[in-house]
Amino acid sequence: MAEFDAPEDLLAAAQTASKKGYRHMDAYTPFPMEELTDALSIRHSTLSLFVLCCAIAGGVIGFGMQYFTSVIDYPLNIGGKPLNSWPQFIPITFEMTILFAAIGAVVGMIFRNGLPRPVHPVFNVDRFELASRDKFFLCIEATDPFFDRRETEQFLKSLKPSHVTVVDN
């Protein structure tokens, strides 16, 4: 893990590491940096597709529940209206769509982020608490195909960080 003093240095280091072929790496900053997404070669998440599927399922379940109740299970002819009067089904269908989408977003986000994960190896680094204050960190993980402990450490030192730390599990 390399520690940098400026966001520009971290961005340049991430771009250099990506060009060298590293893919399993992460950056830690005290504020969001949109440019890091491209520099780290982070691919688009499928979470939005999952949320859309949950929303569609919620809408179908909401409408189907009302249709089943009003037309099949307990049909009541009130005021000569048709049994399948879909305009009256819209509010509950909409609410079920929103409910399922929200639940799907939360559940999907939890699984996509790998939570619950109360302990991460970077928390063992003494200086890592500065990531939430004023320092910027680039961590190349051991799961990377190009990872070699000595070569990766030398590569990180060549990026001119203020500190390089080996993160142990």
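The chain exposes about 11300 Å², and carbon and sulfur atoms supply 61% of that area. Accessible areas here come from the Shrake-Rupley method with a 1.4 Å probe; for residues, only the protein chains shown count as cover. This is a predicted model: local features need pLDDT of at least 70, side-chain atom pairs count only at pLDDT 80 or more, and totals for chains, interfaces and linings use all residues. Residues are numbered from 1 along each chain as its sequence is written, and side-chain values use heavy atoms, with hydrogens and water left out.

Start with the overall form. The C-alpha atoms fill a box of roughly 80 × 30 × 30 Å along the principal axes. The radius of gyration of the chain is 25 Å, whereas a compact globule of 169 residues would have one near 15 Å. That radius is taken over C-alpha atoms, and the globule rule is 2.2 Å times the number of residues to the power 0.38. Of the 169 residues, 31% count as buried. Buried means under 20% relative accessible area, exposed means over 50%, and partly exposed lies in between (1.4 Å probe, protein chains only).

Two further totals describe the chain. Among contacts between residues at least 6 apart in sequence, 72% join residues at least 24 apart; a contact means heavy atoms within 4.5 Å. The chain carries 14 positive and 19 negative charges, and their mean positions are 4 Å apart. Lys and Arg count as positive, Asp and Glu as negative; His and the chain ends are not counted. Each charge is placed at NZ of Lys, CZ of Arg, CG of Asp or CD of Glu.

Now the fold. The chain has 5 helices and 4 strands. Both are DSSP runs numbered from the N terminus, with at least four residues (H or I) for a helix and at least two (E) for a strand. From the N terminus on, the order is β-α-β-α-α-α-β-α-β.

The 4 strands form an open sheet in the order S2-S3-S1-S4, with antiparallel pairing. Strands S2 (25-28) and S4 (163-164) stand at the edges with a single partner strand each, so one side of each is left without a neighbour in the sheet. Two strands pair if DSSP finds at least two bridges between them. Strand S1 (residues 2-4) and strand S3 (residues 136-140) run antiparallel and are joined by 3 bridges. Phe4 has Phe136 in S3 as its bridge partner.

Stay in S3 for Cys139. This residue is buried, at 8% relative accessible area. Leaving aside residues up to four places away in sequence, Cys139 touches Met1, His24, Met25, Asp26, Tyr28 and Val122. Phe123 lies 16 residues from Cys139 along the chain, and their C-alpha atoms are separated by 12 Å.

The loops hold some backbone details. Pro116 sits in the loop between helix H4 (90-112) and S3. The peptide bond from Leu115 to Pro116 is cis, with omega near 0°. Ser41 lies in the loop between helix H2 (35-39) and helix H3 (47-73). Ser41 is not a glycine, yet its phi is positive, about 55°. With a relative accessible area of 40%, Ser41 is partly exposed.

Lys160 belongs to the loop between helix H5 (149-158) and S4. Lys160 is not a glycine either, and has a positive phi of about 60°. At 73% relative accessibility, Lys160 counts as exposed.
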